[in-house]
Structure formats: structure tokens, C-alpha cells
Amino acid sequence: AEYKGSAADGGRIQRLLKKREQEKKQFEQRKIQAKEDNRLDIDKQFAAKTDTTEELLKNETIGLVSLQDFKRKKSEIESAQFKAQQKQLRLAEKNKKKSQPRVITDKLSFDVDEELTGGGNTNKEPKKRKQATTVNEDADAESQNNTENKRRRVGIGKNPFVDTSFLPDQEREEQEEKVKEQLRLQWEQEQEKIKNEKIEVTYSYYDGAGHRKMMVVNKGMRIEQFLAKVVPEFNELKGCSPDHLMFIKEDVIIPQSLSFYDLIVNKARGKSGPLWNWDVHEDVRMTTDNSKEKDESHAAKVVERRWYEKHKHL
């Protein structure tokens, strides 16, 4: 049998249990109250100290308000807030300057006689002032150079002893773009010089029989422009436009949008010879090897389109 004590002990145990339950309830209540207080303090800390523009507009504009009055009120509120912010910034800067310790520097003196005598002549004062001002100017220039060097060094964050050519570099890319632009302009100038060079074009107006002539033109001239200059040379072509004519060289119909420069630069070839030679000559070499290209050039032909359509099956 287990001894549970006397009746007095049992009553005391019951009282202690009740007391413990009450203390537990009080502790839980204090814990909940502490959480609520902390949450309220946090909300107060993060709450906006000044009303926003929208809240001020709501307070200022009650009921129906015209658009002009609304815009005027909004601009006034925004300007007032901007002025308040500027004022706070000025106060903060002033407090910051006040909080910084003031550094007192000794005056520079380069007069040895004054240091030895303890006073010296009054005539030497302008000389000393001049020397001090020059020293101060040199110091200001040196400090300015140092600040400029620091600003330049801000962008330098790479090890100069490591190959970083594969990394993006804004300065290097700008230099490359400048070089590319210079080369492009130089190339365009050279091409313009080539286009302005003169060439002799031997051509023949063909209507079943050849009528050979020669014309001096620029390399940059288009075939369409060349045909327009050919029309007045022949009575048979009066009333024709370049669209009614065809330009044929080495058995190839050449589009009118191309120029002589395009054919020369690209080294184009036709069925029976090159398209960049505009004179007439024959290859006098005794060659029977088909693998070797013949250096022969034939006269270009100017043909009416209707004549070509009529006789192309022949």
C-alpha cells in the first residue's frame, strides 16, 4: 500500500496546484500582451511620419472638384513637400559640418631670418605672402591632379599582368569603333576615287548588223545611264528609252541596275570572256587546253528588246 499523507497534506497539495494553474494563466496572458505591444511598436516605427501626396489630396479635395483645381492643388502639395525635403537636407548637411572636427594647420613660413630673429623686417611680409600663395596654389593643383587620378582609377579593377582581352572593356570597344569608322571612311574615299576613273567602252548597236562605236565613261556609271547616253548616238534609237534596250556582254544580259564598277570589282566573267575588260582584243596564244581561260574580250552589244524577243530563237 502507498502512503499518501494526511488530510492536511492533501489540502496543501490542492492549494499549490491551484496556485500553479493561476500563475500559468497569468504568464500566458503576459506573453500575449507582450507580443501585441511589440507588434504595435514595430508598426509605429515603420509608419510614415508625413502624409503622402495622395492622402493630402484626399484631405484637400473633398467632393466634386474641377480638373484645373485638382491639378493646382496637386502642384502646390508637391512643391511644398519638395521644399520641406530640401530644408531637411540642408539641416542635415549643416549638422554634419558642425559635427566634423575642425583641423587647424600651421601657417607656412619660408623666411629663415624671421625664424632666427623672432620678428624680422616688415619689408619681407609681401615676399612671404607671395611665397605662401605660390605654395598654396601648387598644393591646390597637386590635390586636383590627385583627385582626377583617383577618378580615373575608379574604373580600373583588372590585374594588368593577366590577359583580359576576352573580357568586355568599354574603352577598348570605343577605340575599336573609332578605328573601324576611320577605316570605313578611308575605304569609301578610295572607292569614290575608283568610281570617278575614266574607261573606254567599245560597244555596238546590233540590229542584225554591227554599228561599232566607243564612249568614255566613269567606272561608277550604271548601265541604265550608259544606255541613255547611247540613244542619241543612233538615229534608229530615237524615241527609245533605256527600258526598251538591252545591254549584252560576252553572251550575258547585264541588268541595268549594275554599274561598270560592280563588274570590274567582282571580276565577273561571261560565257566567252571577262566582263571587266571593255576594250576589244583576241587571245593570240595557241592554246588548246580547255582548262585554261582565254583572255579574249569582245565588244558589248546594245539591242532593242523587241528585236531580241523576235529573233532570240535563231
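1. Let's start in helix α6, which spans residues 170-195 and holds both glutamate 181 and arginine 184, three residues apart, or about one turn of the helix. (Helices are DSSP runs of H or I with at least four residues, strands are runs of E with at least two, and both are numbered from the N terminus.) This is a predicted model, where local features need pLDDT of at least 70 and side-chain atom pairs count only at pLDDT 80 or more, while totals for chains, interfaces and linings use all residues. Residues are numbered from 1 along each chain as its sequence is written, and side-chain values use heavy atoms, leaving out hydrogens and water.

2. What do the side chains of glutamate 181 and arginine 184 form? They meet in a salt bridge, at 2.4 Å from N to O. The term stands for a side-chain nitrogen of Lys or Arg within 4 Å of a carboxyl oxygen of Asp or Glu. By this rule the count comes to 10 salt bridges.

3. Arginine 184 also meets glutamate 188 in a salt bridge, this time at 2.7 Å, N to O. Glutamate 188 and arginine 184 are four residues apart in helix α6, so about one helical turn separates them.

4. Now for accessibility: buried means under 20% relative accessible area, exposed means over 50%, and partly exposed is in between (1.4 Å probe, protein chains only). Glutamate 181 counts as partly exposed because its relative accessibility is 35%. Arginine 184, at 37%, is partly exposed, and glutamate 188 is partly exposed at 35%.

5. Another salt bridge joins the side chains of glutamate 224 and arginine 222, at 3.1 Å from N to O. Glutamate 224 is partly exposed at 33%, and arginine 222 is partly exposed at 31%.

6. On a 1 Å grid over the protein atoms alone, a pocket is an open set of points with protein on both sides within 12 Å along at least five of seven lines, and lining residues have an atom within 4 Å of a point.

7. Which residues lie nearest the centre of the largest pocket? Of its 12 lining residues, these are Ile248, Lys301, Val303, Trp307 and Tyr308. Two or more lining residues come from each of β4 (252-253), β5 (300-304) and α9 (305-311), and α9 gives the most, with three.

Methods: 1 Å grid on protein atoms, 1.4 Å probe; cavity = no way out; pocket = protein on both sides within 12 Å on 5 of 7 lines; lining within 4 Å.
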